[in-house]
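Here is a short tour for anyone who likes to look at a fold before setting up a calculation. Please keep the viewer open as you read.

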Amino acid sequence: MTTTEPRKAAPAARMWPLYAAGFTTAFGAHGIAANLGGHSDDAVTSLLVLGGLLALYDGAELLLKPVFGSLADRIGARPVMLGGLVAFALASAAYVVADCPAWLWAARLGQGAAASAFSPSASALVARLNPAAGHGRAFGSYGFYKSIGYTLGPLLGGVLVWAGGLRLLFVVLAVLGAAVALWAAVAVPHVPPLPKQRQTVVDLARRLADPAFLQPTAALAAATAALSVGVGFLPVSGAAAGLGTVATGAAVSVLAACAAVVQPKAGRALDDGRLGTRAGLTAGLLAPAAGLACAMLPGLAGVLLAAALIGVGTGLITPLGFAALAASTPPERLGRTMGSAELGRELGDAGGPLLVAAVASLATLTYGYATLALLIAVGPAIALLKSARNTAENAAENTA
């Protein structure tokens, strides 16, 4: 496949394993994280230990996603994805066999490192196997199945841990990783790496500072920050308002459901020309900013409005952001770009809750929501002001 060959949309049989890979990383991340604290007293002996176990997965992704993205460009995305899925299965199986607290640390670190390999590689393959005109649909569907993984992870993971302990959950993850690897090996075609010019550190820095990369990545990071804050802190707001766990759990489910439903629709609208990237990203950023503002309102209405708006904003930004990155990146560097963009999302995933928690510790949670809402709204506000100024200048020139 060359950069000049016209590409038709990939057959569904080729895409399903990629969607399954996205589901696997999301399900593995949230399924275990949501159930460590309450169902593994032998391994989680303190909040510090829990924090360390949670940080292992994300820490590995922060360090290794750009590395494996670059490796995918060098040797091909398919072998890196397959190797990551196999490694994920082996890391999960290691805890099943050992079944001791020390191996839980090793397994969690191994899962995070493995996800760092197959997650950006799967994103790169989504772009390589589909024409630019179909990237919106492709990334919308990919994001949809990742959202399903994030939604089912805590729920199904909790059922599995209740039925057979944390070990049963790791058994399911080992089988899932191995099954998706086998499926991908059979169904996903070989996509050879493309020749590329040598890139210096200065070239890389220039690329990372390019608005074509920086703006979609910043939008993805902002959406992920809002999503993490919504999942982590909306239940706290609900509890403070006297709501039960069922109501707060339903609010988080509304957030995930809105994100899952909107992503394919946003992708189709982009491909059909009914939605522009700039307008979509601007609306996508304003939605979670408004949602965080709604979270400042007391009671169930504020929590549900916040969850819905954050979910809608995430659903808009995710397919549009990745499609914009794919459109502005040479095919031979898609792995590195997707890995770097995923790094931006991980920074948002960690930075959003940390910022809100820091502000809340000094004031209240309401001020934490307000701080993040203002930060997210700054970008689209500046863009709207520039657009209004340009429109006024054009009108003045036309009337002159």
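## The chain as a whole

Please keep in mind that this is a predicted model. The chain holds 12 helices and zero strands, so reading along the sequence gives the pattern α-α-α-α-α-α-α-α-α-α-α-α, by the DSSP runs used here.

Of the 400 residues in the chain, 48% are buried. Among contacts with a separation of 6 or more, 84% join residues 24 or more positions apart.

## The nonpolar core

The largest nonpolar core takes in 83 residues, and M81 and L292 have the most contacts inside it. Helix α5, which covers residues 135-187, gives the most to this core, with 12 residues. As general background, nonpolar side chains in soluble globular proteins tend to be buried together.

What does L292 touch once its neighbours within four places in sequence are left aside? The list is A226, V229, I310, Y369, L372, A373 and I376. L292 is also among the buried residues of helix α9.

Helix α9 spans residues 277-294 and has 18 residues. From its first C-alpha to its last, α9 reaches 26 Å, close to the 26 Å expected at 1.5 Å a residue. Its buried residues are G280, L281, T282, G284, L285, A287, P288, A289, G291, L292 and C294.

Helix α3 covers residues 77-98, which is 22 residues. Its reach from first to last C-alpha is 32 Å, close to the 32 Å expected at 1.5 Å a residue. After α3 comes D99, with a positive phi near 50°.

## The largest cavity

How many cavities of 30 Å³ or more are there? The count comes to two, and the largest has a volume of about 90 Å³. It is lined by 15 residues, of which A72, D73, A77, R128 and P331 are the closest to its centre. The elements giving two or more residues to this lining are α2, α4 (101-128) and α11 (334-362).

The largest share of the lining of the largest cavity comes from α4, with three residues. By residue type, this lining divides into 10 nonpolar, two polar and three charged.

## The second largest cavity

The second largest cavity has a volume of about 30 Å³. Its lining is made up of L220, A223, T224, L227, T314, I317, T318 and R345. Two or more residues each come from α7 (211-240) and α10 (299-328).

With four residues, α7 gives the most to the lining of the second largest cavity. Here the residues divide into four nonpolar, three polar and one charged.

## Single residues worth a click

Is S70 buried or exposed? S70 has a relative accessible area of 15%, and because that is under the 20% cut-off, S70 counts as buried. S70 is found in helix α2, which covers residues 47-75.

S340 lies in helix α11. Its relative accessibility is 14%, under the 20% cut-off, so S340 is buried as well. S340 and K65 are 275 residues apart in sequence, yet their C-alpha atoms are 7.0 Å apart in space.

A212 has its place in helix α7. At 30% relative accessibility, A212 falls between the 20% and 50% cut-offs and therefore counts as partly exposed. Which residues does A212 touch, not counting those up to four places away in sequence? They are L325 and S328. A212 and L325 are 113 residues apart in sequence, while the C-alpha to C-alpha distance is 7.1 Å.

Note on methods. Residues are numbered from 1 along each chain as its sequence is written. This is a predicted model: local features need pLDDT of at least 70, side-chain atom pairs count only at pLDDT 80 or more; totals for chains, interfaces and linings use all residues. Side-chain values use heavy atoms; hydrogens and water are left out. A nonpolar core is a set of buried Ala, Val, Leu, Ile, Met, Phe, Trp, Tyr and Cys residues joined through side-chain atoms within 4.5 Å. Buried means under 20% relative accessible area, exposed over 50%, partly exposed in between (1.4 Å probe, protein chains only). Contact means heavy atoms within 4.5 Å. The expected span of a helix is 1.5 Å times one less than its number of residues. On a 1 Å grid over the protein atoms alone, a cavity is a set of points where a 1.4 Å probe fits but cannot get out, and a pocket is an open set with protein on both sides within 12 Å along at least five of seven lines; lining residues have an atom within 4 Å of a point. Grid points are joined across faces, edges and corners, and a volume is the space filled by probe spheres set on the points. Ala, Val, Leu, Ile, Met, Phe, Trp, Tyr, Cys and Pro count as nonpolar, Asp, Glu, Lys and Arg as charged, and the others, Gly among them, as polar.
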